[in-house]
Amino acid sequence: MTTLQTSAILQSSMYSAAPSPLKKGKVMAILDIPKPRTRNIPLPNLQELELGRDFITSLNTTFAQKQAKTNSLVIAKLYTILEAVADRVEMHKNIGEQRKNWNSLLLTSINGITLAAATMSGIAATTAAVGGAPVVALKMSSTLLFLAATGMLLIMNKMQPSQLVEEQRNATRLFQQLLKQIETSINIGNPTDRDVNEAMQKVLALDKAYPLPLLGVMLEKFPSNVEAAVWWPHQHGSGQATSADYNGWKAKLEKEMRSIVEVLKKKDEEEYLRLGRKALKLNKTLAISGPFLTGLAAIGSAFVGSSSYFGLLAAIFGVVGGGLASVVNTLEHGGQIGMVFEMYRSNAGFFKLMEESIESNLMDRQENGELFEMKVALQLGRSLSNLRDLASSTPSRKVQDINEFGSKLF
């Protein structure tokens with residue numbers, strides 16, 4: 001700084017002392033300007049430069065240590081969530097196996113009890129018709145067995161073990177998927193607090209969607225309105241409009257994704273909800289018919305042998321009602337109608353999740369456009385060219401007129 005000031009003073013002095021054009025008869029005096037003494041100007045020595053460099057290095061080291069400490073804390077949180085998710089995978093898997101055994105054991109037991117009661121009722125009616133030994137014991141045994149079967153059927157139809165098994169199966173698969181996502185975030189490196197929050201929200205959403213206890217928080221098995229299953233936190237974009245040419249997104253790709261959303265919403269999701277409503281209606285009918293038939297058989301077996309007309313009618317109710325109850329019970333729980341209903345709900349939820357994911361990315365462009373297009377194509381079981389053909393054919397006609405569904409997987 002001192003050198004610069006000295007140079008400026010010297011330059012101004014030289015300009016002021018410069019001789020003007022000589023005029024006749026005048027002699028201009030030339031000033032003797034002393035040479036500047038620059039050898040006494042203090043300059044920073046090497047020791048001071050080294051101290052400054054060391055200070056900057058120490059600042060960089062402190063910042064790097066702080067950043068590493070933050071990253072290590074985030075990774076530790078992700079590993080904590082990872083352990084909890086792995087534990088939930090095992091819990092849902094084990095409980096799913098247990099409830100699968102419930103379904104098979106209860107089905108076999110109730111059918112065995114019902115058929116035994118129907119056999120006793122028939123024997124009692126035959127014995128009473130030929131005027132044999134007293135049939136009170138057979139009548140009482142048959143009635144009690146029918147009542148026991150009715151009570152067990154009511155409990156079984158309320159719980160729907162096959163539907164519970166499907167819930168645990170879905171939960172196991174989705175928790176395993178979340179487990180892989182967290183491992184990928186850790187392996188790629190540079191996880192942030194946002195990754196931790198998203199993982200926590202997904203765990204809590206899955207816990208709410210597929211609860212483990214039966215009492216108090218069990219999912220409604222016969223809902224009044226069939227809706228798609230939801231196992232993810234609500235997705236929403238930043239709400240800020242982003243230019244189309246950003247992060248791999250083009251105007252053509254944006255139009256393509258909007259067309260895919262329309263197809264999934266109007267065709268795939270609606271189709272599985274329609275099938276779910278049919279499965280629910282059938283399951284309700286069978287769930288009411290089974291206990292009704294066993295209860296009717298219990299009443300009939302109690303009046304076996306009372307009189308000629310009523311005794312014959314009671315025997316028919318006891319034997320035929322018990323046999324039909326076994327058929328209905330086998331069709332409902334052996335055919336796993338509850339599982340089919342839950343499967344349809346889950347499939348509709350899968351397409352709803354895809355719709356929300358696409359709409360969220362259209363708002364904030366979080367994922368790379370080309371990578372996201374490939375992800376959507378794989379989820380729908382299509383190639384990239386096949387996906388683009390579907391999207392290009394949608395705007396030219398109404399969605400209802402398209403015979404092809406969006407997904408080729410299921």
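Reader: Why are α9 and α10 called roughly perpendicular to each other?

Author: In this predicted model, the axes of α9 and helix α10 (residues 384-393) are 9 Å apart and meet at an angle of about 90°. Angles of 65 to 115 degrees count as roughly perpendicular, and therefore α9 and α10 are described in that way.

Reader: What makes up the contact of α9 with α10?

Author: From α9, the residues Glu373, Met374, Val376 and Ala377 meet Leu384, Leu387 and Arg388 of α10. These residues divide into 5 nonpolar and 2 charged, with no polar residue.

Reader: Why are α8 and α9 called roughly antiparallel to each other?

Author: The axes of helix α8 (residues 337-364) and helix α9 (residues 369-379) cross at roughly 170° and come within 12 Å. An angle over 145 degrees counts as roughly antiparallel, and therefore the term applies to α8 and α9.

Reader: Which residues of α8 and α9 meet?

Author: Phe350, Met354, Ser357, Ile358 and Asn361 in α8 are in contact with Phe372, Val376 and Gln379 in α9. The contact of α8 with α9 comprises 5 nonpolar and 3 polar residues, and no charged ones.

Reader: Which residues does UniProt list for "transmembrane region"?

Author: The unreviewed UniProt entry lists residues 105-130, 136-155, 285-304 and 310-331 under that name.

Reader: How much of residues 136-155 is helix, and how much is strand?

Author: Residues 136-155 are 100% helix and 0% strand, with end C-alpha atoms 29 Å apart. Residues 310-331 are likewise 100% helix and 0% strand, and their end C-alpha atoms lie 31 Å apart.

Note on methods
Residues numbered from 1 in each chain as written. Predicted model: local features only at pLDDT ≥ 70, side-chain atom pairs only at ≥ 80, totals over all residues. Heavy atoms only, no water. Axes fitted to C-alpha atoms, helices over the stretch in contact; angles between N-to-C directions. Helix = DSSP H or I, 4+ residues; strand = E, 2+ residues; numbered from the N terminus. Parallel < 35°, antiparallel > 145°, perpendicular 65-115°, else oblique. Contact = heavy atoms within 4.5 Å. Nonpolar A, V, L, I, M, F, W, Y, C, P; charged D, E, K, R; others polar. UniProt positions renumbered as here; feature names shortened; annotations may be inferred.
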